[in-house]
Amino acid sequence: TGREEFEREDVYLAWEWNGKPIPEEHGIIRLFIPMLYGSKSTKFLSEIHFLEEDEKGFWEQRGIHSRGNVMLEERFNHNKRDKTGIEEAERIIEECKKTNSTELDLSGLELEYIPESVFELTFLRSLLLFNNKISTIPIGIS
């Protein structure tokens, strides 16, 4: 999140809720930025750093928009990969098989369906499909 969003008057650092300390399991100190999606409001705040250049975090590396302004519907980053399509997805899946990776990121490949070869990856724990055109999920996946 950029400094300009952080310095708005409607941004809050909260340590109480209804006059009582926020329970530890809900983040002792929380950052709340109403104009941004909830993923930008830190639950377990421990430090604040202002960087000269943007540094993408975990979710931003996987397709979530760097700023995330609700009013502008900046939910996802619409930058495209260099290569897209089912062939690129199959290449990434094969690489995942070779390395036994537990995470498979098929985000931004403009896929219309989930390739069947994904279902052969029994060691897979995380499948990321942001920024695709998939309209249905096969039965048995939740």
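L13, W15, I28, I29, I48 and F50 come together as a nonpolar patch on the surface of this predicted model, with about 570 Å² of accessible area together. Areas follow the Shrake-Rupley method with a 1.4 Å probe.

Now for the chain as a whole. Its elements run α-β-β-β-β-α-β-β, with helices (H or I, at least four residues) and strands (E, at least two) taken as DSSP runs numbered from the N terminus.

| Property of the chain | Value |
|---|---|
| Buried share (under 20% relative accessible area, 1.4 Å probe) of the 142 residues | 29% |
| Accessible surface | about 10600 Å² |
| Carbon and sulfur share of that surface | 50% |

Where does S117 lie? It is in the loop between β5 (103-105) and β6 (126-128), and S117 counts as buried because its relative accessible area is 10%. Beyond neighbours within four places in sequence, S117 is in contact (heavy atoms within 4.5 Å) with E90, I93 and K97. S117 and E90 are 27 residues apart in sequence, yet 7.6 Å apart in space, C-alpha to C-alpha. Their side chains make a polar contact at 2.7 Å; the term covers N or O pairs within 3.5 Å, one able to donate a hydrogen and the other to accept it.

Residues are numbered from 1 along each chain as its sequence is written. In this predicted model, local features need pLDDT of at least 70, side-chain atom pairs count only at pLDDT 80 or more, totals for chains, interfaces and linings use all residues, and side-chain values use heavy atoms, leaving out hydrogens and water.

Definitions and conventions. Buried means under 20% relative accessible area, exposed over 50%, partly exposed in between (1.4 Å probe, protein chains only). Patches are made of residues with over 30% relative accessible area and no salt bridge: like charges are joined within 9 Å, nonpolar side chains (Val, Leu, Ile, Met, Phe, Trp, Tyr) within 5 Å. A salt bridge is a side-chain nitrogen of Lys or Arg within 4 Å of a carboxyl oxygen of Asp or Glu.
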